[in-house]
Protein chains: 2
Amino acid sequence: MTGQRTTLPPAARAIVRGDRRALARAITAVENGAPEADLLLRSTYSRTGRVPIIGFAGPLGVGKSSLLSALVTQLRAAGTTVGVIAIDPSSPFSGGSVLGDRIRFERRADDTGVFFRSMASRGASGGVAAATRDVARLMDAAGFGVILVETVGSGQVDVAIREIASTRVVVLVPHLGDEVQTLKAGLFEIADIFCVNKSDLPGSETAERYLSELAGLGPGPDGWRARVVRTSATVPSGIPGLWSAIEEHERFVAGSDVHRQAERRRLSDEIVGRVRDELTRELTLRLEAEAELRRLVDQVVARKLDPRSAADRLVAEERR
Amino acid sequence: MTGQRTTLPPAARAIVRGDRRALARAITAVENGAPEADLLLRSTYSRTGRVPIIGFAGPLGVGKSSLLSALVTQLRAAGTTVGVIAIDPSSPFSGGSVLGDRIRFERRADDTGVFFRSMASRGASGGVAAATRDVARLMDAAGFGVILVETVGSGQVDVAIREIASTRVVVLVPHLGDEVQTLKAGLFEIADIFCVNKSDLPGSETAERYLSELAGLGPGPDGWRARVVRTSATVPSGIPGLWSAIEEHERFVAGSDVHRQAERRRLSDEIVGRVRDELTRELTLRLEAEAELRRLVDQVVARKLDPRSAADRLVAEERR
């Protein structure tokens, strides 16, 4: 099992060595569900699991991309290498401004200490979460010091943040209306840190106080009490404070049994999910080839049998 | 199998007799996934399958609810009984106006020829589609002459319309900007009929012409060329034309082999899906009770084994 290291295929060795083009190709393979992705993820897995993955969620227009850009500048100044994954919303409600912000990252192409990748959120939420987790693993194996994941705050996509990030930052702006909407959408439950961005706008103290009061209602099930920080990505200000809060939470997680158990649970769920997917695929192919299914469908179409009873018969047959 | 008729349980008999309270209770049971729903759906299935199910999709603010209200008025005047299912968006982007419009339906409570029910779209899209299909079946068994299903045009929820409705109406307004957004969101592919509502606003002829040109590019895979109608729910005007187009499509569907095959396919998928769900549930319980899974997770946590290879071992064991 530890033999994985010696049998690393060439493309995997290139990723581990820090070859950016090999990493980019591997990520594309993950996005497309190409078969070579599977081999690369298997063979590089032993090199993963130590990097902090910081998730940023929040509604459109709160300036998450600018905030990440400012954070990357600070991290690079301290010599830390950074992988950034931006999950593009596929919803028609969003659009231009997000992409506009991202161009700032693309312009860093000359700095080999930053790797930026955007991913389309497409259909199923399970799909995005799984693909994002795999891309984060590849960046981890490639040796980046920290991974930042940005999503737009729609319930579907935030599942990715919940399942993957070791620290979850919810970014808001100083307008109570927006906050109330956001808290409704379930972002409150996932926040380890609240970041009131655009803090140069009026109302940011009120927003900070309001969130601090909410956070002060009590620590979460893991014993962590959400921090509230204020930032401005444009000034910029508050970025070191945001990073300190993130580091504080990362230290907390490292010593937390609840988080160790949660990580174990997630890996167990991933394994069971893979077994289920594989056996389900086989089952579907087998059932659809069966004459018995066609006979039952005939009866259901004719309303002589209901779909539930038809399924019961096939289940009974499978159990035999 | 045809013995179902003689063994109809009392609650199912009440639904078939047209007892509104029995129907309302059964729908609530479906929404909550309560066990009595299963029995009712099994026992009433033989009474379903003949009613037209007309789906209405489109973005927020195009006046779908008012349009449905005007359509219900016309259908009732002609003596047709109507079941209405409105799928409430769970997204924070929507809200008050939708609910406001719906109050018009609630006020028809004195007319026993109309049955209105709204459903929350909650999490999974598969979940909403399945629940909506079951509610439509109950209304069908209760003997309503036509069922109207209204959704807000977000990709997730429109799956319900695609899978359930026999005729799909996409409702738009005379502003090209909105239309382009909507077409992007995939509504174009599901439209049997385009309805340009609020046709008293400027630009409605242009919108009609634009959509007619798009529809004129060719018939869909079933041989149907989408119709374009103009309505105003407030005047009201165009409602008879809309209903004629719906009836024309229903006649087309009744004589179409493509649609018969598609219906067969949907029922087959439903049966296979139920078998899969049941066996998957059992498999998950069995795997999670296994010591071997715990041993494999230990190795994956320690990075001595990757999740894919761990899953392979369990799959191999299941196959033995």
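Is the crossing of α1(A) and α2(A) left-handed or right-handed?

Modeller: The crossing of α1(A) and α2(A) is left-handed; the term applies if the near helix is turned anticlockwise from the far one by less than a right angle, and right-handed applies if clockwise. This is a predicted model, in which local features need pLDDT of at least 70 and side-chain atom pairs count only at pLDDT 80 or more, while totals for chains, interfaces and linings use all residues. Residues are numbered from 1 along each chain as its sequence is written, and chains are lettered from A and ligands numbered from 1 in the order in which they are written.

Helix α1 covers residues 10-17 of chain A and helix α2 covers residues 20-31. Helices (H or I, at least four residues) and strands (E, at least two) are DSSP runs, numbered from the N terminus. The axes of α1(A) and α2(A) are 7 Å apart, at an angle of about 120°. Such axes are lines fitted to C-alpha atoms, for helices over the stretch in contact, with angles from 0 to 180 degrees between N-to-C directions. The angle therefore makes α1(A) oblique to α2(A); under 35 degrees counts as roughly parallel, over 145 as roughly antiparallel, 65 to 115 as roughly perpendicular, and the rest as oblique.

On the α1(A) side, Ala11(A), Ala14(A) and Ile15(A) meet Ala22(A), Leu23(A) and Ala26(A) of α2(A). Two residues are in contact if their C-beta atoms, placed from the backbone, lie within 7 Å. This contact has six nonpolar, no polar and no charged residues. Here Ala, Val, Leu, Ile, Met, Phe, Trp, Tyr, Cys and Pro count as nonpolar, Asp, Glu, Lys and Arg as charged, and the others, Gly among them, as polar.

Next comes the setting of this pair within the chain. Chain A is assigned domain 1 (1-46), domain 2 (48-255) and domain 3 (266-319), the bounds coming from an automatic or database domain assignment.

Ala70(A), Leu71(A) and Gln74(A) of α4(A) touch Ile239(A), Pro240(A), Leu242(A) and Trp243(A) of α11(A), a contact of six nonpolar, one polar and no charged residues. The loop between β7 (227-230) and α11 (239-254) of chain A holds Pro236(A). The peptide bond from Val235(A) to Pro236(A) is cis, with omega near -20°, and the bond from Val235(B) to Pro236(B) is likewise cis, with omega near -20°.

The last part is the pairing of the chains. Chain A is superposed on chain B by a rotation of 180° with 0.0 Å of shift along the axis, at RMSD 0.1 Å; the two copies are thus related as by a two-fold rotation axis. The superposition is by least squares on the C-alpha atoms of residues with pLDDT of at least 70 in both. The residue of chain A closest to the axis is Thr280(A), at 3.6 Å (C-alpha).

Across the interface, 48 residues of chain A are in contact with 48 residues of chain B. Elements giving two or more residues to the chain A side include α3 (35-44) and α12 (257-288), with α12(A) giving the most, 16 residues. The chain A side has 24 nonpolar, 10 polar and 14 charged residues. The copies meet through the same surface, because 100% of the interface residues of chain A are also interface residues in chain B.

The axes of α12(A) and α12(B) come within 10 Å and cross at roughly 145°. The crossing of α12(A) and α12(B) is right-handed. Among the residues in this contact are Thr280(A) and Leu283(A) of α12(A) and Thr280(B) and Leu283(B) of α12(B). The contact divides into 10 nonpolar, four polar and four charged residues.
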